[in-house]
Every structure is written in C-alpha cells, then in structure tokens.
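User: Could you walk me through this structure, one piece at a time? I'm new to this, so please spell out the terms.

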Protein chains: 2
Amino acid sequence: MSTINVMVNGLPGNLARLVAGHLSKDGRFKLVPYSLTGPEIQETGCSVSNISVQLIQADQRDSQIEQIKQSQGAFLSVDFTHPSAVNSNAEFYCRFGLPFVMGTTGGDCQKLEATVVSSSIAAVIAPNMAKQIVGFQAMMEYAADNFPGLFRGYTLNVKESHQRGKADTSGTAKAMVGYFNKLGVAFSTEDIVKVREPEDQKAQWGIPDEYLSGHGWHTYTLVSEDQTVRFEFTHNVNGREVYARGTVDALLYLFEKVQTGTRGKMFTMIDVLKNI
Amino acid sequence: MSTINVMVNGLPGNLARLVAGHLSKDGRFKLVPYSLTGPEIQETGCSVSNISVQLIQADQRDSQIEQIKQSQGAFLSVDFTHPSAVNSNAEFYCRFGLPFVMGTTGGDCQKLEATVVSSSIAAVIAPNMAKQIVGFQAMMEYAADNFPGLFRGYTLNVKESHQRGKADTSGTAKAMVGYFNKLGVAFSTEDIVKVREPEDQKAQWGIPDEYLSGHGWHTYTLVSEDQTVRFEFTHNVNGREVYARGTVDALLYLFEKVQTGTRGKMFTMIDVLKNI
C-alpha cells in the first residue's frame, strides 16, 4: 500500500493539530505541509512534529492549490473549520477535485450532499468522528426503529457534562432523547441536565482536572414504573483523542474508496464503521 | 376483544404464581383453574387471588385435558417448568392443540422447534421473558453483526450479581460477552465476575434486602486503550415482575396470532418486541 498524503486544514486549531500529529507519526500517512486556515489566524505557519506547515488564508487558496497539487501529488483533505465555512469549503474541495473528510455539526446538509454528489470526488462527512459513540447511536436507532414502545412506562434521566465553553446542549444527547421517545419514553430535550461548572464536574462527577477544559460525559438512566428494573448507559470521553482516531479511520476508508474509483459519493461514519 | 383464557402451568412455583396473579387482576384475561405441576409437588390445589386452582400431575394430564378443554373453551397455556420437562411438555401442548408461551433455558431447542413447526399450533418460546433485556441484547447483536471490531483495543469488565441459589454464570452475561468478542474485544466468559454472597451484594452493590433472594444485576464496562473513553452498560432487575409482564405481552401477541389463524409457527420474544 502506498503512503497516503493528507492535507489537514484548520491548523493551528486543537483538533486539527491532534490529527496532524497522529498522521505525522503514522507510517501509512504523509502530512502535506500546507493548511487552509481561518481569517482570525495571524500566523503564516505552524509546526507539527518538526514539520513546518504553511498556513493559507481563504483568499489565497484558489491561486495556491494547483501548485500544491503539482508539488505534493494526489492527497486527501481533512476539514475541521467553522460551521459557517462548511458549504464554501466543500465547494472548494469539489471544484479542485480534492476528496475530503469533514467533521462538522453546522452548514446546510442537503446542499453539502448535493455539492458532493454532483462532483468528481468522494467524501466522508459526519457530525461526530468518535466511532464508538456513532456505533452506540446506531444501536439506539436500530432499537427505536424495530422495537417502538419497548421502554413504555419507564422514567428517563439524561445528564451530560462538557467544558464550560460549550453553551448549547449536546447534540448527541438530543439525538439520543429522540430514540428514547420512539422507544415509548416521554421526555423533552429541555429536561436534559446540562453540567458546565468545573467545580461540580470535579466534585460530583469525578472528571479529572486535565480534562475539565475538554470532555463529553453522558449518562442515560431508565427506571421502570414499578421501580424494579433499571437500565443505565454511559459514554464518557476525555479530551479529543477519540475524534482524532476516528478521523484517521475515516481517511483510511476514503483512501480505499478513491483507489477503487469511487466518485460523486458522500459517506458517513456509519459507512466507515460498517467498512462497506 | 374477547377475554383470553389462560392456563398457567408450574403452579405453585414463584414465577407461575406471579403470572397467574397478574392475569387474575387483568380484565383482558381469565385464569383457567387448572395447572400442570411437577412430581415434587404434594399439594393438589392452590389459591391465586381467591381463585382455587386444581394441580394436575403429569401422569394425569392426558386423561384430564380433554375435559378441561370442554369445560373451559379454547385457552392459551403458559409453561414455566423444569428444563428437563421442556420437550415433553411441548409435545403435550402440540398433541392436544394447545398454543403456549414457554420461558425456558433448557431442553433440546432444535427438537422443540421441530415439534412446534410440525404441529397445528403456534407458540412463543424464549430463554428470557424480560422484554427490555431481550431488546438490549438485540441491539448488541445488531452492532456485533454490523460493526465488527468497533471496540478493538478496549478492555472489558463484566460483573453480575444473582441470588445465592444460582450456581452457574448468567446466560445473558455469556451471550453479551459473545457480542463483545465480535466487536473486537478479547474477553473470556471465565473472566465474568460472579457475585453470589448476600453480604457483598448489600455492602458493595447496594442491592435491597428484599431482593437478595431474587435479582439479576449486570454491568459491562469498556475502556479504551489510552483510557480516554469509557462506556458502561447496566441492567439491574429486582424480583421477577419484569418477567411476568413480558409473559403477559407474549400472551397478547400469541392470542392475536391464534385469532388470525397462525399454525405450526414458533415465535421468540424478538417477534413480540417487533410486534410483527
């Protein structure tokens, strides 16, 4: 198998930096020393494991990309940019024939799919790159579709803790509530207990100090009407390592699709999980 | 909808008594005042919510059943008998045209299915009547089939607590380990932590006193190789109420199948869950 060239965009952002670090240490990959970056970034370069990466502003990308393609050969792109840039970035990748992996919760999804499907490239686009959480959501969706009303009469409690900076309720928690609703449980997303206070996170949840600034802990508890049955599902993520690993798996998946000639197709993390 | 006549066999056993109690208080059902019982039972009758039920030994059943059918009209049977009696009981029900719900973990399963399929009746047969646990197992099976290797590199811990009298490791826990193995986790059923000591159950697990003599608590914990991700799945059942409720649902399901003319068909709790 040949080395997979990857351009990680969104540097010097945290998650982009983590993914670029993984790729630079993984013999299957070679990091392309260029990265598209946001208008708020002042730096013109950054360093990833001794690789000096040149940062490119949006207004420069069209003029520079052909030259990068010529100097680097074919490559995959990874995109962790601001939700507001999702659609324009996807159009950019499609216009220049660059297959990409995009982790995003924003943008116009239907337009995104239309852009990819009408293009000459393939892409993996997912709101959550953590494979195991995506897998657990798929299990819940399967139950909701196949066993409607399974937990009728049960009482649900949902609590989630994230770093203080996350203002909104977790999208994963909201999606899970949707599945529980189909399973017969009366519960509103407004009743999700949202914890953002570091002192509570330490004292009541036992979240380690070093992860107070970046974590996602979720617990779903179901209790039967007569109190004799209790189900509890927990998924606790510290840091962003699991998202970086999922991104690497998505790149390996996309590379194989590109190698076998797949064009104009949008994949999700569920496809990556199924490895089909 | 007409009243559903049900003969609950295995009285005066605990689970049979619980199911009979439910049926006697539920306007949709009418309890048939006869019950097939085991050779170890000395009594010739027992009382369920003021209904006097006559107990019938196996050597008397063939001679009495036709008379019961004539006096009671069509009825469904519920069977919670010893694993050693599973196959002969199923043959009895089939021979006399009695649709039945059977909760069992013993007997020759293939022979059981052959008996039902070649008969003129329909039956629901399941190793576990607790609908929600069966549903959770089905979710795990779905993941194991569709996302093999999803938890590769994760460490698994399984612990289960049951009443002291249960000598063997929980069959549900063993089945779950099989799914986790398919999901990429190296774990042997021998490594399941089995708790049977009431003092530990009280002190370490917090199991209520009144359920030390009858409970099934299970916890499965997965931790990623780098320790940053933790999943935990728990299902705790106190007493036998959930099994009785599942049996009632199985009876409602079977009744509809019988009403619509289904013959020679064996259903599982998954069919009941799907309500297809």
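**Between the chains**

Analyst: Let me begin with one pair: B:D226 forms a salt bridge with A:R245, and their closest N and O atoms are 3.6 Å apart. A salt bridge here is a side-chain nitrogen of Lys or Arg within 4 Å of a carboxyl oxygen of Asp or Glu. This is a predicted model, in which local features need pLDDT of at least 70 and side-chain atom pairs count only at pLDDT 80 or more, while totals for chains, interfaces and linings use all residues. Residues are numbered from 1 along each chain as its sequence is written, chains are lettered from A and ligands numbered from 1 in the order in which they are written, and side-chain values use heavy atoms, with hydrogens and water left out.

User: How many salt bridges are there between chain B and chain A?

Analyst: The count between chain B and chain A is two salt bridges.

User: And how many residues of each chain are in contact?

Analyst: There are 34 residues of chain B in contact with 34 residues of chain A, where contact means heavy atoms within 4.5 Å. Between them the two chains bury about 3,200 Å², with 65% of that from carbon and sulfur atoms; buried area is the accessible area (1.4 Å probe) that two parts lose on being put together, summed over both.

User: How is chain B superposed on chain A?

Analyst: A rotation of 180° with 0.0 Å of shift along its axis places chain B on chain A, at an RMSD of 0.0 Å, using least squares on the C-alpha atoms of residues with pLDDT of at least 70 in both copies. The two copies are therefore related as by a two-fold rotation axis. The same surface serves both copies, since 100% of the contact residues of chain B recur in chain A.

User: Switching topic, what domains is chain A divided into?

Analyst: Chain A has domain 1 (4-125 + 241-274) and domain 2 (131-238), with bounds that come from an automatic or database domain assignment. The C-alpha centres of domain 1 and domain 2 of chain A lie 31 Å apart, and their contact takes seven residues from domain 1 of chain A and six residues from domain 2 of chain A.

User: Which residue forms a salt bridge with A:D249?

Analyst: That partner is A:K131, with the closest N and O atoms 3.2 Å apart. The count between domain 1 and domain 2 of chain A is one salt bridge, and these domains bury about 600 Å² between them, 76% of it on carbon and sulfur atoms.
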